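The following paragraphs lead the reader through one protein structure. Please keep the sequence and the coordinates in view while reading.

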Amino acid sequence: MNRPQQHPQESELQRLKSRIAEVVAEREALKQAIESGRLGMTEGLRRLEPLDNELSALDTAFKQGWDAQQ
């Protein structure tokens, strides 16, 4: 069965959307570990920073791709 082909931009947006969801889940798990005391605040914040940076970059890339489709 043939599936309709996605526009390359659409598949890239799907990939970005999936990665955003993964990073958000990682970030939430890390925040819970900090709040519960399973992970110290200093270590937790050190680990949060790269996730926040990645999430920001993914968000920017998604917005640019979305705007390009409009």
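Of the 70 residues of the protein, 20% count as buried, where buried means under 20% relative accessible area, exposed over 50%, and partly exposed in between, with a 1.4 Å probe and protein chains only. The model is predicted, so local features need pLDDT of at least 70 and side-chain atom pairs count only at pLDDT 80 or more, whereas totals for chains, interfaces and linings use all residues. Residues are numbered from 1 along each chain as its sequence is written, and side-chain values use heavy atoms, with hydrogens and water left out.

The secondary structure comprises two helices and zero strands; helices (H or I, at least four residues) and strands (E, at least two) are DSSP runs, numbered from the N terminus. The radius of gyration of the protein is 16 Å, well over the 11 Å that the globule rule gives for 70 residues, so the protein is more spread out than a compact globule. This radius is taken over C-alpha atoms, and the globule rule is 2.2 Å times the number of residues to the power 0.38. Along the principal axes, the C-alpha trace spans about 50 × 30 × 15 Å.

Helix α1 covers residues 8-36 and reaches 42 Å from its first C-alpha to its last, close to the 42 Å expected for its 29 residues. The expected span of a helix is 1.5 Å times one less than its number of residues. Its buried residues are Leu13, Leu16, Ile20, Val23, Leu30, Ala33 and Ile34. An α-helix has 3.6 residues a turn, so residues three or four places apart point the same way. The buried residues of α1 pack against α2, with contact meaning heavy atoms within 4.5 Å. Glycine 37, whose phi is positive, near 90 degrees, follows α1.

Helix α2 spans residues 41-69 and contains proline 50. The end C-alpha atoms of α2 are 41 Å apart, which agrees with the 42 Å that its 29 residues should span at 1.5 Å a residue. In α2, the buried residues are Gly44, Leu48, Leu51, Leu55, Leu58 and Gly65, and what covers them includes α1. Proline 50 counts as partly exposed because its relative accessibility is 46%. Proline 50 and glutamine 14 are 36 residues apart in sequence and 22 Å apart in space, C-alpha to C-alpha.

Contacts can also be viewed across the whole chain. Among those between residues at least 6 apart in sequence, 59% join residues at least 24 apart.
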